[in-house]
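Student: I have a model open and would like to learn how to read it, feature by feature. Where do we start?

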Amino acid sequence: MTKSTKFIGIDISKRVFDVWGNDIGHKRFKNTPEGFVEFSMLLKTSSWCVMEYTGSYYQQLAIYLYENDISVSVINPLVLKRFIQMKLQHNKTDKGDAKMIAQYAHDQGVTKWVPSPSYIDRCKDMHTTITLYFKQNTALKNKLMSLQDKGVKGKLLTSIKRQIRQVNVEIKLLENEIELLIKQHEKELLSNLTSIPGIGKKTAIMLIVCTNGFSTFDNARQVSAFFGLSPVERSSGTSIRGRSRISKKGNPIMRNYLFMCSFTASYNNPQCKALYDRIVAKGKSKKLALIAVTNKLIKQAFSIAKSGIKYSPEYRSVSLQA
């Protein structure tokens with residue numbers, strides 16, 4: 001990034017994307033390979049494209065720009081929303097959003113985006129499908145219980161039970177496929193993570209998938225925030241004294257995996273046990289202590305992923321304190 005860098009904001013949707021830059025003004029293109037080529041004809045070596053992380057809409061354009069050696073960044077929509085609010089912008093248009101994205105990049109600075117490996121993308125797609133199946137499974141079980149409470153019998157209950165069994169089969173098949181891919185590409189990291197007392201194979205696999213092997217994070221605090229496990233304090237002046245809670249923004253399944261791991265870690269993981277006992281001894285709730293253990297596990301996992309060595313009760317590094 002130099003003084004000659006020209007940031008171009010991109011507001012992208014399913015069918016079109018709007019761009020704005022000081023040199024090109026506002027233009028709109030189709031969100032298709034033909035639209036990508038037409039857009040790239042306007043770019044110079046000093047151009048730096050910036051867009052939001054918007055589901056799957058941004059991916060094809062971002063990959064096209066990356067493969068054609070064009071600088072590109074992808075930013076968190078929540079960060080951009082806060083920036084727009086800070087600038088007191090109330091009107092929302094595609095052109096205006098593209099302009100604000102460019103201004104954010106200019107004012108705050110951005111880092112270059114690098115696409116995830118193809119196997120990570122495949123695992124993430126399967127993971128989101130598993131999440132959908134879990135929701136369907138819960139809905140089917142609730143419906144089954146409701147009908148049973150009403151005294152309903154017969155083919156309807158048999159149909160729902162059959163569907164529940166099939167959903168469970170599909171979940172298991174996808175979980176096995178994810179495990180196979182991770183063992184093929186991240187066997188050593190998987191082995192290192194499962195050496196942490198309290199972290200099982202399934203949790204370790206999902207940590208690798210959700211964090212891209214921790215390669216996209218600078219410290220453990222970012223990982224905790226990503227999973228919605230960082231504490232959020234509510235206090236202001238003398239009148240507002242809300243209880244601190246975790247943010248719960250992020251993947252709820254991953255958060256649940258980690259929380260369940262904290263029960264085992266609070267007994268079998270020396271550092272986690274010491275932390276749990278210390279918090280409980282201060283009169284704090286056991287749930288608060290378990291959340292602290294969950295964040296401790298993230299710190300240990302991050303440290304091991306970055307160091308490339310297995311867990312050791314005596315090992316301690318700066319990363320563990322990050």
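This is a predicted model: local features need pLDDT of at least 70, side-chain atom pairs count only at pLDDT 80 or more; totals for chains, interfaces and linings use all residues.

Student: How many helices and strands does the protein chain have?

Tutor: Helices (H or I, at least four residues) and strands (E, at least two) are DSSP runs, numbered from the N terminus. The protein chain has 12 helices and 7 strands.

Student: What share of the residues counts as buried?

Tutor: Buried means under 20% relative accessible area, exposed over 50%, and partly exposed in between, with a 1.4 Å probe and protein chains only. Of the 322 residues in the protein chain, 41% count as buried.

Student: And how do I read the contacts in the protein chain?

Tutor: A contact means heavy atoms within 4.5 Å. Among contacts in the protein chain with a separation of 6 or more, 58% join residues 24 or more positions apart.

Student: Take helix 2. Which of its residues are buried?

Tutor: Helix 2 spans residues 59-67, and Leu61, Ala62, Tyr64 and Leu65 are buried there. Seen down the axis of helix 2, these buried residues fall within an arc of 160° (taken from the directions from the helix axis to the C-beta atoms), so they line one face of the helix. Gln60 and Glu67, on the other side of helix 2, are exposed.

Student: What do the buried residues of helix 2 pack against?

Tutor: They pack against strand 1 (6-12), strand 2 (16-21), helix 1 (33-40), strand 4 (47-52) and strand 5 (71-75). Just after helix 2, aspartate 69 takes a positive phi of about 60°.

Student: Are asparagine 212 and phenylalanine 214 buried or exposed?

Tutor: Asparagine 212 is buried at 12% relative accessibility, and phenylalanine 214 is buried at 0%.

Student: How do I describe the way helix 5 and helix 6 cross?

Tutor: Axes are lines fitted to C-alpha atoms, for helices over the stretch in contact, and angles run from 0 to 180 degrees between N-to-C directions. Angles under 35 degrees count as roughly parallel, over 145 as roughly antiparallel, 65 to 115 as roughly perpendicular, and the rest as oblique. The axes of helix 5 (residues 118-149) and helix 6 (residues 155-185) come within 9 Å and cross at roughly 160°. Helix 5 and helix 6 are therefore roughly antiparallel to each other.

Student: What about helix 10 and helix 12?

Tutor: Their axes come within 8 Å and cross at roughly 95°. That makes helix 10 roughly perpendicular to helix 12. Residues of helix 10 including Leu258, Phe259 and Ser262 meet residues of helix 12, among them Leu290, Thr294 and Leu297.

Student: Which residues does threonine 294 contact?

Tutor: Threonine 294 lies in helix 12 (residues 286-307) and is buried at 0% relative accessibility. Leaving aside neighbours within four places in sequence, threonine 294 is in contact with Leu229, Leu258, Phe259 and Ser262.

Student: And what does tyrosine 257 touch?

Tutor: Tyrosine 257 is in helix 10 (residues 252-268) and is buried at 16% relative accessibility. Not counting residues up to four places away in sequence, tyrosine 257 touches Glu175, Lys202, Thr203 and Met206. Tyrosine 257 and methionine 206 are 51 residues apart in sequence and 8.9 Å apart in space, C-alpha to C-alpha.

Student: How many disulfides does the structure hold?

Tutor: A disulfide is a pair of cysteine sulfur atoms within 2.5 Å, and the structure holds 0 disulfides. Cysteine 261 is buried with a relative accessible area of 7%, and cysteine 272 is buried with 0%.

Technical notes. Residues are numbered from 1 along each chain as its sequence is written. Side-chain values use heavy atoms; hydrogens and water are left out.
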